[in-house]
Amino acid sequence: MKESPALARNPSTLTLHRSLMAVAFGGLVVLLLGDQRADLVHFRAIDRIVVEKSARMLSTFRSGTLVKQYRIALGQNPIGAKEQEGDRKTPEGIYAVDGRNAASDFHLALHISYPSTEDSTRAVARGVDPGSDVEIHGLPNGHGSTDFHPDTDWTAGCIAVTDKEIDELWQIVPLGTVVEITP
């Protein structure tokens, strides 16, 4: 690169000029690459899930705005809140996504923080185990069709969506996302 005579006579101006060019180029790279990736995470990530058991609907929200809804299957005994291990009920209450399991018996699984302190206290008072491992998950591995979604409740107390739907949720649900499960 041939320097202009004015820049060559003043090394500090040349250094400043090169620094400004580097900053401008770096900013352009961030705009084109870095910000797009960051924007995708912020734009796509949700912060709340509401499960309406009676409607068999899971709704995702970002900053209070509905993003998307999914039809769901619940535990085989869907009426009422989960009370103990093996009752095949889906819990009711406020929880959070506290784990991700890519090696689940189901396509993918987002673990829910059930039992809460209140759930455990109620179970202990009744002398029973409250249960655990409640998840939002896809279909059982090896099921075949990834679009199949049963018209009946079939889980042991979890919330099931299709494999394609859990793939979507896996991408937009960060750990800590609030999960509200209503009757």
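Strand 6 (residues 135–137) pairs with strand 7 in the parallel sense, over two bridges. Strands are DSSP runs of E of at least two residues, helices are runs of H or I of at least four, and both are numbered from the N terminus. Two strands count as paired if DSSP finds at least two bridges between them. I136 stands opposite I159 in strand 7. The model is predicted: local features need pLDDT of at least 70, side-chain atom pairs count only at pLDDT 80 or more, and totals for chains, interfaces and linings use all residues. Residues are numbered from 1 along each chain as its sequence is written, and side-chain values use heavy atoms, with hydrogens and water left out.

Strand 5 and strand 6 are antiparallel and share three bridges. Here H111 has E135 of strand 6 as its bridge partner. Strand 4 and strand 5 also run antiparallel, joined by four bridges. V97 has I112 of strand 5 as its bridge partner.

Strand 5 is covered on both faces. A109 and H111 are buried on one side, L110 and I112 on the other. Buried means under 20% relative accessible area, exposed means over 50%, and partly exposed lies in between (1.4 Å probe, protein chains only).

The largest nonpolar core has 24 residues. Such a core is a set of buried Ala, Val, Leu, Ile, Met, Phe, Trp, Tyr and Cys residues joined through side-chain atoms within 4.5 Å. I49, L58, L110, I136, I159, L169 and V173 have the most contacts inside the core. Strand 1 (48–52), strand 4, strand 5, helix 4 and strand 8 (178–182) each supply at least two residues. Helix 4 gives the most, with four. Beyond four places in sequence, I159 touches residues including V51, L58, I112, I136 and I181. Contact means heavy atoms within 4.5 Å.

T177 sits in the loop between helix 4 and strand 8. T177 counts as buried because its relative accessibility is 2%. A polar atom of the T177 side chain lies 2.6 Å from the backbone oxygen of P174. Among the residues that T177 touches beyond four places in sequence are I46, I49, Y95 and V97.

K82 is in the loop between strand 3 and strand 4. K82 is also buried, because its relative accessible area is 8%. The K82 side chain makes a polar contact with the D87 side chain at 3.0 Å. A polar contact is a pair of N or O atoms within 3.5 Å; within protein, one must be able to donate a hydrogen and the other to accept it, and residues adjacent in sequence count only if both atoms are side-chain atoms. The backbone oxygen of Q84 lies 3.4 Å from a polar atom of the K82 side chain.

The mean pLDDT of the protein chain is 82, and 74% of its residues reach 70 or more. pLDDT is the predictor's confidence in each residue, from 0 to 100. Over residues 12–42 the pLDDT is below 50. Where pLDDT is low, the predicted coordinates should not be read in detail.
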